[in-house]
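Dear colleague,

Please find below the structure that I am handing over to you. A short account of the findings follows it.

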Amino acid sequence: QTAALLDKAFGSTAPIPMPETPYLQSGRLAPPATGGALGINKTLLKRMDTVLVEEWKVPAKPLVATKRFCDLYDSVRKDTLTLLTLQKVVLQKEGQLQTKRLRLAKVSGRAVMEE
């Protein structure tokens with residue numbers, strides 16, 4: 001489900017190949033659409049760029065934007081967005097778990113052992 005949404009978001013900004021009309025592969029390096037039904041949160045895109053450039057040392061712009069590089073770059077960006085989204089979900093679930101543990105401790109009158 002997430003992969004399909006990311007494919008649509010990335011596809012919405014990619015150039016569309018037309019017969020007898022050349023286009024640059026570097027057009028595919030544009031960030032995916034933000035906002036709207038298909039859009040991705042701008043903050044999430046900034047975090048993705050930060051992770052790619054600063055943590056993983058992925059070049060922001062290639063020297064030569066070949067089809068293979070653009071395919072790999074799209075794959076890495078999609079995987080990074082998926083990772084960031086899953087990290088956010090995990091943090092939310094941990095917060096919910098902590099809240100439920102506190103409620104249980106209040107009801108039972110004693111502290112619940114944390115794992």
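A salt bridge is counted where a side-chain nitrogen of Lys or Arg comes within 4 Å of a carboxyl oxygen of Asp or Glu. The model is a predicted one, and a search of the whole structure finds 5 such salt bridges.

The side chains of Asp74 and Arg28 form one of them, at 3.3 Å from N to O. This pair links distant parts of the chain, since Asp74 belongs to helix α3 and Arg28 to the loop between α1 and α2, 46 residues apart. Both Asp74 and Arg28 are buried.

A salt bridge also connects Lys67 with Asp71, whose closest N and O atoms are 3.0 Å apart. Both residues lie in helix α3, 4 residues apart, which is about one turn of the helix. Lys67 counts as exposed, at 51% relative accessibility, while Asp71 is partly exposed at 32%. Through shared partners, salt bridges join Arg28, Lys67, Asp71, Asp74 and Arg77 into one network.

Asp7 and Lys78 also meet in a salt bridge, at 2.5 Å from N to O. Asp7 lies in helix α1 (residues 2–11) and Lys78 in helix α3, so the pair ties together parts that are 71 residues apart in sequence. Asp7 is partly exposed, with a relative accessible area of 41%, and Lys78 is partly exposed at 22%.

Finally, the surface carries a nonpolar patch formed by Trp56, Val76 and Leu83, with about 250 Å² of accessible area together. Trp56 sits in the loop between α2 (42–55) and α3 (67–108) and is partly exposed, at 42% relative accessibility.

Yours sincerely

Notes. Residues numbered from 1 in each chain as written. Predicted model: local features only at pLDDT ≥ 70, side-chain atom pairs only at ≥ 80, totals over all residues. Heavy atoms only, no water. Patch = residues over 30% accessible without salt bridge, like charges linked within 9 Å, V, L, I, M, F, W, Y side chains within 5 Å. Areas by Shrake-Rupley, 256 points an atom, 1.4 Å probe, with all protein chains shown as cover. Helix = DSSP H or I, 4+ residues; strand = E, 2+ residues; numbered from the N terminus. Buried < 20%, exposed > 50% of the residue type's maximum accessible area, 1.4 Å probe, protein only.
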